[in-house]
Amino acid sequence: MSKKSVRKRKLNKKKLLIVICFLMIAIFSVFKIIQYGLGALSSAKLKSKNSHGIVIDNEQFELGDESENANKKFTVLVDAGHGGYDKGTSGKLTNVYEKDLSLQIAKKVANKLAKQDDVQVVVTRKEDRYVSLSDRPKVVKDQEVDLLVSIHLNAEKNGNTATGIETYYKNGAEDGSKELARIVQDTMISYVPTNDRGILGNNFEILREAQMPAILVECGFLTTPEEEQKLLNQKYQDQLTEGIVQGILSFLDQKSKG
């Protein structure tokens, strides 16, 4: 074998080694890019399960910072009913707790309202913790709040067939609570296909203690399996949220003109 042919074979081995190294680097880079992309996707769609294994979207509150909210004309207090050891009612099919769904819907309402140029939002709770009924309206002691909306899910005593949405207002109040309830109730019904149970006056503590127009929205019956399934549906929640938000904005528009 000639020296020339031996040298050529050694040169080919070196080239092959270089090509293999480049291929390994390329494969590793592609793998890391895919891994990063999947990680970002997982974070964007992060979900958690409650104690009964029901998937709850882990959406975060996005209420803006102080500088963004400083000059906004209106302030809305969004209250997620129950929390902590106060679980509220629960579903018949899934055992999902009212405290979890009320927080989930409250986040959607708060975040959508906070995107308005003239509305800042404050909330009574951002996570699964107990806040007493008397303390909820006091969360905003140092702020002038224009209205309060409390989010709840309904329950039927000794039954599982009741359906629909109803809204309670501060009984006997002359501060616009009844008008707010009527507008929000009508708007919700226009967005979601469900039974209109109307508006009712009540002296629930969260309403009685509020020093502003205040309503409590019963978004549906967790004790009715058919309605429970709807309430767990994200599209239905989004439509319900849009109804609540548009009702609140209509009320604020009227208040602004008045």
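How many aromatic pairs does the ring rule give here? The count comes to 2 aromatic pairs, where rings of Phe, Tyr and Trp (its six-membered ring) pair if their centres lie within 6.5 Å, and planes under 30 degrees apart count as stacked, over 60 as edge-to-face and the rest as tilted. The model is predicted, so local features need pLDDT of at least 70 and side-chain atom pairs count only at pLDDT 80 or more, while totals for chains, interfaces and linings use all residues. Residues are numbered from 1 along each chain as its sequence is written, and side-chain values use heavy atoms, with hydrogens and water left out.

Helices (H or I, at least four residues) and strands (E, at least two) are DSSP runs, numbered from the N terminus. Tyrosine 85 counts as exposed because its relative accessibility is 64%, and tyrosine 130 counts as partly exposed because its value is 36%. Buried means under 20% relative accessible area, exposed over 50%, and partly exposed in between (1.4 Å probe, protein chains only).

Tyrosine 168 and phenylalanine 204 form an edge-to-face pair, 5.0 Å centre to centre and with 70° between the planes. Tyrosine 168 lies in strand S6 (residues 165-170) and phenylalanine 204 in the loop between strand S7 (196-202) and helix H5 (205-208), so the pair ties together parts 36 residues apart in sequence. At 12% relative accessibility tyrosine 168 is buried, whereas phenylalanine 204, at 30%, is partly exposed.

The loop between S3 and H3 also holds histidine 82 and asparagine 95. Histidine 82 has a positive phi, near 65°, in a residue other than glycine. Asparagine 95, not a glycine either, has a positive phi of about 65°. Histidine 82 is buried because its relative accessible area is 17%; asparagine 95, at 33%, is partly exposed.

Phenylalanine 221 is found in strand S8 (residues 214-221) and counts as buried at 3% relative accessibility. Its C-alpha atom is separated by 6.7 Å from that of alanine 162, 59 residues apart along the chain. Contact means heavy atoms within 4.5 Å. Leaving aside neighbours within four places in sequence, the contacts of phenylalanine 221 include Ala162, Thr163, Gly164, Arg197 and Leu231.
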